[in-house]
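This report describes the structure shown below, going from the sheet to the helices and then to the confidence values.

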Amino acid sequence: MNSTRDGDAAFREFASSCSPSLFRSAWLLTGDWHAAEDLVQDALSRMYRIWGGISRIDNPAAYAQTVLARQFLTVRRRRSFGERPSAELPDAGAAGPDSDLRVSLVAALAELPKRDRAVIVLRYLADRSVEQVALDLGRTPSAIKVQSMRALAKLRAALGEDLLDLAQS
Amino acid sequence: MNDDDRFGAVLHRAVSTLEPPTERLVAGAIARGRRRRRIVLAGELATGGVLVAGVLALVVALVPDANGSRTGTSPAGKPADPAPAAAGRLPMSPQALAQTALETLPRRGATTNFEGSADAGSVSTAFTYDDGHGGAQIVIAMQYPVPGASPKVHGPILPCARGSEGCIVLSDGAHARTARGHEYDDGRQPNAAEWVVDLVRRDGVQVSILEYNAPRQKGAAISRPAPPFTLDELTTWANDDLWQTTITSQRAKAAVHLFEPAGPKAQLSGLAATKSASRLEREATDRLKAADLARKRASCAAAAAQHATLPKYCAQIN
């Protein structure tokens with residue numbers, strides 16, 4: 001019983017620390033707050049199930065990102081079965097230039113195929129190398145390179161070159 | 001800074017101020033994770049032949065989550081079947097349908113007396129559910145389009161006409177019709193309730209759940225004032241993504257212990273019929289005894305887990 005409690009406490013600490021980054025990835029992947037929460041919970045629940053053998057995994061946080069991306073690609077997203085009234089709206093971040101940037105980015109990402117979106121998020125948000133992304137998604141590095149270049153070109157076309165200047169503003 | 005780096009910076013900046021509800025996410029993930037562990041454990045035990053039919057079902061249904069509810073706190077729904085329909089998958093079996101029912105029960109309770117059947121494009125199961133307020137028969141049926149098979153749709157339930165009573169269109173496009181009716185329309189046993197939801201998903205799959213306030217649909221004394229679940233609970237239950245038309249072979253194997261599905265009924269007469277009736281009676285008695293024993297074992301386990309005083313019978317059954 002104690003080992004279960006200890007395991008739960010350790011998992012809770014791990015999940016709390018990596019939830020924000022997982023959620024940001026999920027939000028870019030799904031473009032929807034609730035779907036992102038759902039995806040994060042799904043990925044973390046899978047981590048929880050294997051938590052007893054987690055010592056065999058070098059970097060659990062990175063692995064959780066992989067699980068999340070794979071879940072996004074393989075799971076037919078569940079249907080929401082009803083509107084849920086809420087006393088407060090989710091905090092989607094402060095309004096302003098970054099908020100506009102988010103809206104534009106998510107809209108442009110939504111135009112990409114799911115696999116391209118996963119590549120973009122793993123490469124540029126989770127800062128994975130081409131080789132790591134290839135391993136994560138079961139593709140060859142060259143396929144990931146091509147996919148990445150094609151997806152970036154589409155995003156540039158949708159958002160305009162000016163968008164990249166925001167990074168330096 | 002090259003283009004790749006600049007784009008990475010844009011992505012980071014765009015989402016850096018998003019603050020998710022971490023506490024809720026983690027609590028929900030743990031609840032879902034526990035459920036996943038239970039499902040795997042149930043499968044392992046079943047294939048190992050450790051527990052007898054019925055008892056395992058009871059245990060699975062009674063193991064509570066930390067918060068006493070059956071699953072996570074996701075605002076967006078429940079886990080979907082992770083594997084898409086693919087080669088090597090089998091049609092949903094009556095036993096797997098019953099197993100799915102156990103995994104998705106709106107509330108925990110004892111479950112016994114499983115039975116079920118399947119045909120091309122349809123599969124059903126029935127069992128008795130008891131949440132401590134009296135046994136209630138639950139019937140679950142799925143019907144789905146199969147090339148070359150004629151659908152057996154019981155009554156027109158699609159589409160929901162605007163303003164039609166008891167019929168709603170859910171946010172995912174599924175149509176659900178609910179009704180609080182009676183088992184007998186002719187006035188016999190006016191208190192014998194039959195509550196039902198018929199739900200048709202956008203993929204054409206129909207999930208129907210019926211519940212009664214008696215342990216059997218017909219011929220049993222009423223055991224409780226009303227069926228156990230509300231119509232909203234039935235609707236949510238029927239719309240669970242775990243109701244799949246195909247399953248993996250592992251899942252089929254894991255659920256096969258629950259019961260033998262009904263097959264074609266042989267015509268019996270004379271001595272054979274008498275023997276058959278006698279055997280069925282013995283089996284029914286055995287099932288009742290097993291269910292009673294399982295219920296007591298579960299009560300003892302729950303009391304022990306809470307460090308409460310154990311009932312006297314606990315010393316005799318272990």
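Which residue in E4(B) does B:Ser124 stand opposite? B:Ser124 stands opposite B:Ala141. The model is predicted, and the description below should be read with that in mind.

## The sheet of chain B

An open sheet of 7 strands is formed in chain B, with the order E2-E3-E4-E8-E7-E6-E5 and antiparallel pairing. Strand E2 (110-119) and strand E5 (167-169) of chain B are at the edges with a single partner strand each, so one side of each has no neighbour in the sheet. On average, neighbouring strands of this sheet are turned by 15° against each other, direction ignored. Helix H5(B) packs on the sheet and touches E6, strand E7 (193-200) and strand E8 (206-212) of chain B. The direction of H5(B) makes about 35° with that of E7(B).

In general, the strands of a sheet pair through backbone hydrogen bonds, in either a parallel or an antiparallel way.

| Strands | Sense | Bridges |
|---|---|---|
| E3(B) and E4(B) | antiparallel | 9 bridges |
| E4(B) and E8(B) | antiparallel | 6 bridges |
| E5(B) and E6(B) | antiparallel | 3 bridges |

Strand E3 of chain B, residues 122-130, is joined to E4(B). B:Ala141 of E4(B) is opposite B:Ser124, and B:Ala141 also stands opposite B:Ser208 in E8(B). The hairpin of E3(B) and E4(B) has 4 residues between the strands, and B:Gly132 in this hairpin has a positive phi near 100°. In the pairing of E5(B) with strand E6 (residues 175-182) of chain B, the bridge partner of B:Val169 is B:His175 in E6(B).

Most residues other than glycine have a negative phi. What is the phi of B:Asn113 near? The value is near 55°, positive in a residue other than glycine. B:Asn113 is found in strand E2 of chain B. This residue has 20 C-beta neighbours inside 10 Å; the cut-off for a buried residue is 20 or more, so B:Asn113 counts as buried.

A:Asp127 also has a positive phi near 55° and is not a glycine. A:Asp127 lies in the loop between helix H5 (114-125) and helix H6 (130-137) of chain A. With 13 C-beta neighbours inside 10 Å, A:Asp127 counts as partly exposed.

## Chain A and its helices

Chain A has 8 helices and 0 strands. Of its 169 residues, 36% count as buried. Among the contacts in chain A between residues at least 6 apart in sequence, 64% join residues at least 24 apart.

Helix H3 of chain A has 15 residues (60-74), which at 1.5 Å a residue should span 21 Å; the end C-alpha atoms are 20 Å apart, in agreement. The buried residues of H3(A) are A:Ala64, A:Gln65, A:Thr66, A:Val67, A:Leu68, A:Ala69, A:Gln71 and A:Phe72. Beyond its neighbours within four places in sequence, A:Leu68 is in contact with A:Leu22, A:Ser25, A:Ala26, A:Leu39, A:Val40 and A:Ala43.

## Nonpolar cores and a buried helix

In soluble globular proteins, nonpolar side chains tend to be buried together. The largest nonpolar core here has 49 residues. Its members that touch the most others are A:Ala26, A:Leu39, A:Val40, A:Ala43, A:Leu44, A:Leu68 and A:Val121. A second, separate core has 42 residues, including B:Ala98, B:Ala126, B:Ile138 and B:Ala255.

B:Ala98 is among the buried residues of H4(B). In helix H4 (residues 94-104) of chain B, 10 of the 11 residues are buried, so this helix is largely enclosed by the rest of the structure.

## Confidence

The average pLDDT of chain B is 71, and 63% of the residues score at least 70. Among the elements of chain B, helix H3 (residues 55-62) has the lowest mean pLDDT (35), and helix H5 (residues 231-238) has the highest (93). Over residues 150-158 of chain B pLDDT stays under 50, and the model has 13 contacts beyond four places in sequence for them. Residues 263-274 of chain B also stay under 50, with 2 such contacts. For the complex, the predictor gives an ipTM of 0.81 and a pTM of 0.44.

Conventions
Residues are numbered from 1 along each chain as its sequence is written. Chains are lettered from A and ligands numbered from 1 in the order in which they are written. This is a predicted model: local features need pLDDT of at least 70, side-chain atom pairs count only at pLDDT 80 or more; totals for chains, interfaces and linings use all residues. A residue is buried if 20 or more other C-beta atoms lie within 10 Å of its own, exposed if 12 or fewer, and partly exposed in between; C-beta atoms are placed from the backbone. Helices (H or I, at least four residues) and strands (E, at least two) are DSSP runs, numbered from the N terminus. A nonpolar core is a set of buried Ala, Val, Leu, Ile, Met, Phe, Trp, Tyr and Cys residues joined through C-beta atoms within 7 Å. Two residues are in contact if their C-beta atoms, placed from the backbone, lie within 7 Å. pLDDT is the predictor's confidence in each residue, from 0 to 100. Two strands pair if DSSP finds at least two bridges between them. Axes are lines fitted to C-alpha atoms, for helices over the stretch in contact, and angles run from 0 to 180 degrees between N-to-C directions. The expected span of a helix is 1.5 Å times one less than its number of residues.
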